[in-house]
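The tour goes from one selection to the next and says what is found at each stop.

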Amino acid sequence: MLIQKLLLSPLGPFVSKLITKRKFADNLRRIFGPNTPPTPEVVDSLWQLLNHNNGLAVMHKLIDYIPQRQQHRERWVEAIIESNVPVKLINGSKDPISGQHMAQRYRQLISNASNANDVTELAELGHYPQLEDAEAVTTAYLQFRDSLNQS
């Protein structure tokens with residue numbers, strides 16, 4: 001997203017100062033599912049969390065996870081593939097950042113791995129499925145957990 005690119009740039013410290021609650025809410029609406037926009041309460045709560053302990057002022061530092069993903073990709077993917085811990089991906093397909101395309105790539109990467117238990121794609125949800133439909137996420141998780149108990 002543009003805001004991520006700007007925060008990662010040398011302008012990052014200045015850009016973080018320009019983020020308003022309204023701009024934040026607009027960006028949230030872009031990454032939530034089209035039928036599950038963030039409620040005013042969700043926006044308020046996330047905005048409060050973002051501002052806690054002056055967090056907004058360090059957004060340009062927090063966004064560093066993006067280059068870290070590229071830098072450590074091979075090691076992190078290998079850790080998922082080789083993990084002895086069962087893995088379940090619960091994904092919002094409408095997420096423009098890591099939606100359906102990411103779930104497809106995940107399946108390609110771990111298709112032969114012994115820990116590749118399941119992928120649940122929630123077709124109408126976006127980047128925050130746990131906020132957009134907590135019940136669907138909980139159901140998918142509980143089904144996964146039950147499947148482990150039956151094996």
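**Before selecting anything**

This is a predicted model, in which local features need pLDDT of at least 70 and side-chain atom pairs count only at pLDDT 80 or more, while totals for chains, interfaces and linings use all residues. Residues are numbered from 1 along each chain as its sequence is written, and side-chain values use heavy atoms, with hydrogens and water left out.

**Stop 1: the whole chain**

Show the chain as a cartoon. There are 10 helices and two strands in it; helices (H or I, at least four residues) and strands (E, at least two) are DSSP runs, numbered from the N terminus. Read from the N terminus on, the order of elements is α-α-α-α-α-α-α-β-α-β-α-α. The C-alpha trace spans about 50 × 35 × 25 Å along its principal axes.

Of the 151 residues, 31% count as buried. Buried means under 20% relative accessible area, exposed over 50%, and partly exposed in between (1.4 Å probe, protein chains only). Contact means heavy atoms within 4.5 Å. Among contacts between residues at least 6 apart in sequence, 66% join residues at least 24 apart.

**Stop 2**

Two packed helices are described by the angle between their axes and the distance between the axes. Axes are lines fitted to C-alpha atoms, for helices over the stretch in contact, and angles run from 0 to 180 degrees between N-to-C directions.

Select residues 21-31 for helix H3 and residues 40-51 for helix H4. Their axes come within 10 Å and cross at roughly 120°. H3 is therefore oblique to H4; angles under 35 degrees count as roughly parallel, over 145 as roughly antiparallel, 65 to 115 as roughly perpendicular and the rest as oblique. The crossing of H3 and H4 is right-handed. A crossing is left-handed if the near helix is turned anticlockwise from the far one by less than a right angle, and right-handed if clockwise.

Which residues make the contact? On H3 they are Lys21, Phe24, Ala25 and Leu28, and on H4 they are Val43, Asp44, Leu46, Trp47 and Leu50. By class, the contact of H3 with H4 has seven nonpolar, no polar and two charged residues. Here Ala, Val, Leu, Ile, Met, Phe, Trp, Tyr, Cys and Pro count as nonpolar, Asp, Glu, Lys and Arg as charged, and the others, Gly among them, as polar.

**Stop 3: Thr36**

Now select Thr36, in the loop between H3 and H4. Is Thr36 buried or exposed? Thr36 has a relative accessible area of 17%, so it is buried. Its side chain makes a polar contact with the side chain of Glu132 at 2.5 Å. A polar contact is a pair of N or O atoms within 3.5 Å; within protein, one must be able to donate a hydrogen and the other to accept it, and residues adjacent in sequence count only if both atoms are side-chain atoms. Leaving aside neighbours within four places in sequence, Thr36 is in contact with Glu124, Leu125 and Glu132.

**Stop 4: Lys94**

Select Lys94, in the loop between strand S1 (87-92) and helix H8 (100-110). Lys94 is partly exposed, because its relative accessible area is 40%. Leaving aside neighbours within four places in sequence, Lys94 is in contact with Gly33, Pro34, Ala123, Glu124, Leu125 and Gly126. Lys94 and Pro34 are 60 residues apart in sequence, and their C-alpha atoms are 7.8 Å apart in space.

**Stop 5: helices H7 and H8**

Next, show H7 and H8, which pack at an angle of about 70° with their axes 10 Å apart. The two helices are therefore roughly perpendicular to each other. The crossing of H7 and H8 is right-handed. Arg73, Val77, Ile80 and Ile81 of H7 make the contact with Arg105, Tyr106, Leu109 and Ile110 of H8. The residues of this contact divide into six nonpolar, no polar and two charged.

**Stop 6**

Asn84 is in the loop between helix H7 (73-82) and S1. Asn84 is exposed, with a relative accessible area of 80%. Its C-alpha atom is separated by 29 Å from that of Leu125, 41 residues away along the chain.

Finally, select Asn53, in the loop between H4 and helix H5 (59-62). Phi of Asn53 is near 55°, a positive value in a residue other than glycine, and Asn53 counts as exposed at 70% relative accessibility. Asn54 is also found in the loop between H4 and H5. Asn54 has a positive phi near 60° and counts as exposed at 54% relative accessibility.
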